[in-house]
Amino acid sequence: AGSATSSELVAECRCDHAAYHSVLDVPAGCDAVPLSSTEYDACGVCGGDNSTCIGCDQVIGSGKALDACLVCGGDNSSCTGCDGVAIHAAVSARTGIFPQTLDACGVCGGGDQSCQG
């Protein structure tokens, strides 16, 4: 008897003839279906379409994702205020909440009050 691997299915045929025994190798897809042509995609998914490992840059396996600012592969810096909170422009437009900025006095989110006087 043979053992099945991910690339082939081994079927054993035993006949009634005395001491006659043969093994037949039948190719199978990654789905273990004999004669199937199903293959692993670039992401390692049997019968997949590569969609599970495509980055936001549409490159298979890049690992890139959209940041909070909706920048592909970004680091949130394009919409992060001086307080470290990232707020996307669409959120600002909808809520009226904007990333904090430094005022004229150098105070994060200040109202220019601390240096006037």
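**From the end segment back to the loop**

Modeller: Gly109 touches Cys82, Gln100 and Thr101, leaving out residues up to four places away in sequence. The model is predicted, and what follows should be read as a description of that prediction. Gly109 sits in the segment after helix H1, the helix that covers 89–95. Its relative accessibility is 41%, which is why Gly109 counts as partly exposed; the buried class stops at under 20% and the exposed class begins at over 50%. Another glycine, Gly81, lies 28 residues away along the chain from Gly109, with 8.8 Å between the two C-alpha atoms.

Asp112 is also in the segment after H1. Asp112 has a relative accessible area of 29% and therefore is classed as partly exposed. Beyond its neighbours within four places in sequence, Asp112 is in contact with Asp103, Ala104 and Cys105. With Ala104 there is a polar approach: a polar atom of the Asp112 side chain lies 2.6 Å from the backbone nitrogen of Ala104. Leu102 is ten residues from Asp112 in sequence, and their C-alpha atoms are 8.9 Å apart.

Moving back to the helix, Ser92 belongs to H1. Ser92 has 3% relative accessibility and therefore counts as buried. The contacts of Ser92, again without residues up to four places away in sequence, are Ile87, Ile97, Phe98 and Pro99.

Counting cysteine sulfur pairs within 2.5 Å, the model has five disulfides. One of them is the disulfide of Cys30 and Cys46, with the sulfur atoms 2.0 Å apart. The angle about the S-S bond of Cys30 and Cys46 is 90°, and this link is right-handed. Cys30 and Cys46 both lie in the loop between strand E2 (21–27) and H1, so the pair ties together parts that are 16 residues apart in sequence. The two ends fall in separate accessibility classes: Cys30 is buried at a relative accessible area of 16%, whereas Cys46 is partly exposed at 32%.

Another disulfide joins Cys56 to Cys72, at an S to S distance of 1.9 Å. The torsion about the S-S bond of Cys56 and Cys72 is about 95°, so this disulfide is right-handed. Cys56 and Cys72 are 16 residues apart, each in the loop between E2 and H1, and the pair links distant parts of the chain. Cys56 is partly exposed because its relative accessibility is 26%, and Cys72 is partly exposed with a relative accessible area of 32%.

Cys69 and Cys79 form a further disulfide, with their sulfur atoms 1.9 Å apart. Here the torsion about the S-S bond is about -90°, so the disulfide of Cys69 and Cys79 is left-handed. Cys69 and Cys79 are ten residues apart, and this pair too links distant parts of the chain, with each cysteine in the loop between E2 and H1. Cys69 is buried, with a relative accessible area of 8%, and Cys79 counts as buried at 8% relative accessibility.

The backbone of this loop deserves a note as well. Most residues other than glycine have a negative phi. Ala32 has a positive phi of about 65° although it is not a glycine. Ala32 is placed in the loop between E2 and H1, and with 52% relative accessibility Ala32 counts as exposed. Leu70, which is likewise not a glycine, has a positive phi near 65°. Leu70 is in the loop between E2 and H1 and is exposed, with a relative accessible area of 52%.

In H1, Ser92 is buried, and in the segment after H1, Asp112 is partly exposed.

How values were computed
Residues are numbered from 1 along each chain as its sequence is written. This is a predicted model: local features need pLDDT of at least 70, side-chain atom pairs count only at pLDDT 80 or more; totals for chains, interfaces and linings use all residues. Side-chain values use heavy atoms; hydrogens and water are left out. Helices (H or I, at least four residues) and strands (E, at least two) are DSSP runs, numbered from the N terminus. Buried means under 20% relative accessible area, exposed over 50%, partly exposed in between (1.4 Å probe, protein chains only). Contact means heavy atoms within 4.5 Å. A polar contact is a pair of N or O atoms within 3.5 Å; within protein, one must be able to donate a hydrogen and the other to accept it, and residues adjacent in sequence count only if both atoms are side-chain atoms.
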